[in-house]
Amino acid sequence: MGLNDEVGRRLRELRSQRGLSLSELARRSGVGKGTLSELESGTRNPTLETLYALTTALNRPLSAVLSDERPPRAEQHEGAVSGSAVTAALIERHEDDEAVTDVFRITIAAGATQESAAHVAGTTESLMILSGTAVVGVLDAPSRVGPGESVCWPADTAHVYSAPHGDVHGILFVRYRAAAV
């Protein structure tokens, strides 16, 4: 089954779960009824704009039509690596003329603290918290961040990760300047 078929199946399921007719979802989303019918049957390529309009009308995140499963936590990823507090799984690597950016799904273990040595000059880290509350950043001035919040710090100095009140799950971006790598 291809992407169009999978997206169509998920759209149909979400619409049915909400008890909406094709006409009603088309009205709420501003997407034509014919377009919606073709999307649900898998015969039309979905655009990002159309999928956002539909998932917004269904009061669901975009991921609800793009995937059946929840992404695994960092500790469940094959190839995840662990430190004294942090487990990280590489989920993306992006390289351009300016930088290399590694994107990790991370878990910071409850009650644990990990101090990381300085990375290559010019490196920065940004962490978006999915759940839990973390204390992260430069050693002498870490930040407390919770669900839906993010923080960025220079990672070319020693920095810390801590989860004082339970496991923390997040997405970590590590950006290395191109001249440094």
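Start with His94. His94 touches Ala99, Val100 and Thr101, leaving aside residues up to four places away in sequence; contact means heavy atoms within 4.5 Å. His94 sits in strand β2, residues 86-95. Strands here are DSSP E runs of at least two residues, numbered from the N terminus. His94 is partly exposed, at a relative accessible area of 43%. The cut-offs: buried is under 20%, exposed is over 50%, partly exposed is in between, with a 1.4 Å probe and protein chains only.

A word on the basis. This is a predicted model, where local features need pLDDT of at least 70 and side-chain atom pairs count only at pLDDT 80 or more, while totals for chains, interfaces and linings use all residues. Residues are numbered from 1 along each chain as its sequence is written, and side-chain values use heavy atoms, with hydrogens and water left out.

Now the sheet. Four strands form an open sheet, ordered β4-β9-β6-β7, with antiparallel pairing. Pairing takes at least two DSSP bridges between two strands. Inside, β6 (134-138) and β9 (159-162) are joined by 4 bridges. Val135 stands opposite Ser162 in β9.

Last, the cores. A nonpolar core is a set of buried Ala, Val, Leu, Ile, Met, Phe, Trp, Tyr and Cys residues joined through side-chain atoms within 4.5 Å. The largest has 22 residues, and Ile106, Ile108 and Trp153 are among those with the most contacts inside it. Strand β10 gives the largest share, 4 residues. Apart from that core lies another, of 15 residues, including Val7 and Leu54.
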